[in-house]
Amino acid sequence: MKPETIAAIATPVGVGATATIRVSGSAALAIVDSIFVSPRGKKLSQQKPNTIHFGKIVHRGQTLDEVLAAVFEAPHSYTGEDVAEIYCHGSVYIQQQILQALIDCGATMARAGEFTLRAFLNKKIDLVQAEAVGDLIAARTPVMHQMAMQQMRGGYSLKIKNLREQLLNFLSLLELELDFAEEDVEFANRFKFNDLATEILSVIDPLIQSFATGNAIKNGIPVVIAGAPNVGKSTLLNALLNDEKALVSPIPGTTRDAIEDTVTLGGTLFRFIDTAGLHAATDTVEQLGIERSYQKIEQASIILLVATGDQQTNSQLSILNSQLNKKCIVLLNKIDTLNEEEILAAVKSLQNVVNQQITVLPISGKTRQGLETLQQTLVQLAALPQNADSDCIVSNARHYEAFVHAQQSLQRAVLAINQQVSPELIAFEIREAIAHLSSIVGEITDADVLNNIFGKFCIGK
Ligand SMILES: Nc1nc2c(ncn2[C@@H]2O[C@H](COP(=O)(O)OP(=O)(O)OP(=O)(O)O)[C@@H](O)[C@H]2O)c(=O)[nH]1
Ligand SMILES: [Mg+2]
């Protein structure tokens, strides 16, 4: 059975100069032809592919708009099917009326990501590339954009396909051995496998390592705002986000759950996480919040430790000792309440407690004093690669997990070979490794997994 012909508005919801309505499927041109009237009466289905035509959209005797319509013929289109695109005026009413007319004429509403899903099913792109389309649309910084473009152009797909091919060859030899089990022959050279596994692991390992960077580029570098209650953490979060995101009050223990949001500074995406104030709480809910604060500190790449001149901050600063591999900035907050001398003395006493490498910055979340210096320091500390042109950055959690599983299977296969375990067991691990590598580039037939991936796309993509 042929898939239904789908239609959707591909441009954002709302009013614009123009809007695009996309139709894909074997009946795409026929369906559009039933509402498209060109000045000379020529049908779109009679036009050459990759051409654009002027005409009116007329439905049930009513002219809805004057539009341009583009014609693409399978397989030379985004989805690999016949595609028609209508460029109409960007009124919400017109867009919806045209979409409704298409549905009246036999099209089905496209689900989120269905055009890209079809492109994948028709082998126009592999799964890594399809997912990169989603990342490209969501890109908010130059590196995010570069990373997505790189993957859309093929990225590490080719490398993975190549390695998988070699593993498949080895597996088929091993399986041949299993067929001749009684004759005690060895078709699959174990030394060669060791070399192959080493090569594959040396490709996979940096990809796994790169996930921390890829994830930071995609979801923002996690920066946790921590410190004692009432030192002004939530006020600082709001100042950094330019938004009243977190509740602020003079009562200690206002923030109980972690609150987070992203903002771009100097071209880098940061994820700021406000946490519950750290102290020896007796209240159970507050204790839970504080536990979460410690988790967030653990997961963050950068810690902003907020202190005030009049607080006993040493116990909070001791957090830094257990997080020495992390980047930290100590903030002396509320400097609007201190004079020059008091600020100098407080900065000095904080600096004496912490490692000299750690920057102590005087700020005021309330008056925004010192905020720009803090932002600049953060951008310097983040120091993400300014270009993501290496094809070696994994930013997709699904790929990351598959790589980790493939790595584990391969390591077990190598161990099994070294211990001269039965070929059945070796074959099992290699089959697993192949399955995990395959799942990255898209040898996936599981409808749930595909729906999960493409469901995150917007409608019309
Ligand atoms: N003068 C002055 N007051 C501030 C500043 N930052 C915060 N405050 C005040 O300090 C009090 C606590 O601020 P919050 O931002 O809620 O502090 P917090 O660290 O999030 O507190 P908890 O969530 O309870 O841990 C509020 O009354 C704020 O108005 C500042 O820079 N200067
Ligand atoms: Mg707070």
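Author: Strand 9 and strand 10 form a hairpin with two residues between them, and Gly266 in that turn has a positive phi of about 50 degrees. Strands (E, at least two residues) and helices (H or I, at least four residues) are DSSP runs, numbered from the N terminus.

Reader: Where do these numbers come from?

Author: This is a predicted model, in which local features need pLDDT of at least 70, side-chain atom pairs count only at pLDDT 80 or more, and totals for chains, interfaces and linings use all residues. Residues are numbered from 1 along each chain as its sequence is written, chains are lettered from A and ligands numbered from 1 in the order in which they are written, and side-chain values use heavy atoms, with hydrogens and water left out.

Reader: Is strand 10 buried or exposed?

Author: Six of its seven residues are buried, so strand 10 is largely enclosed by the rest of the structure. Buried means under 20% relative accessible area, exposed over 50%, and partly exposed in between (1.4 Å probe, protein chains only).

Reader: What about strand 8 and strand 10, parallel or antiparallel?

Author: They pair in the parallel sense over five bridges. Ile225 stands opposite Asp274 of strand 10. Strand 8 (residues 221-227) also pairs with strand 11 (residues 302-308), in the parallel sense and over five bridges. There, Val224 has Ile303 as its bridge partner.

Reader: What is the strand order in the open sheet of six strands?

Author: The order is 9-10-8-11-12-13, with mixed pairing. Strand 9 (259-265) and strand 13 (359-362) are the edges; each has a single partner strand, so one side of each is left without a neighbour in the sheet. On average, neighbouring strands of this sheet are turned by 25 degrees against each other, direction ignored.

Reader: Which helix lies across strand 8 through to strand 13?

Author: Helix 13 (residues 371-382) lies across strands 8, 9, 10, 11, 12 and 13, and runs at about 170 degrees to strand 12. Axes are lines fitted to C-alpha atoms, for helices over the stretch in contact, and angles run from 0 to 180 degrees between N-to-C directions.

Reader: At what angle do helix 9 and helix 13 pack?

Author: About 75 degrees, with their axes 11 Å apart. They are therefore roughly perpendicular to each other. Angles of 65 to 115 degrees count as roughly perpendicular, under 35 as roughly parallel, over 145 as roughly antiparallel, and the rest as oblique. Leu236, Ala239 and Leu240 of helix 9 make the contact with Leu371, Leu374 and Gln375 of helix 13. Contact means heavy atoms within 4.5 Å.

Reader: New topic. How do helix 7 and helix 14 cross?

Author: The axes of helix 7 (residues 190-209) and helix 14 (residues 397-418) come within 10 Å and cross at roughly 155 degrees. The two helices are therefore roughly antiparallel to each other.

Reader: And the other strands, say strand 6: which strands does strand 6 pair with?

Author: Strand 2 (residues 18-24) pairs with strand 6 in the antiparallel sense over seven bridges, with Thr20 opposite Tyr87. Strand 5 (residues 62-72) pairs with strand 6 in the antiparallel sense over five bridges, with Ala70 opposite Glu85. Strand 6 (residues 83-89) is mostly covered, as five of its seven residues are buried.

Conventions:
Two strands pair if DSSP finds at least two bridges between them.
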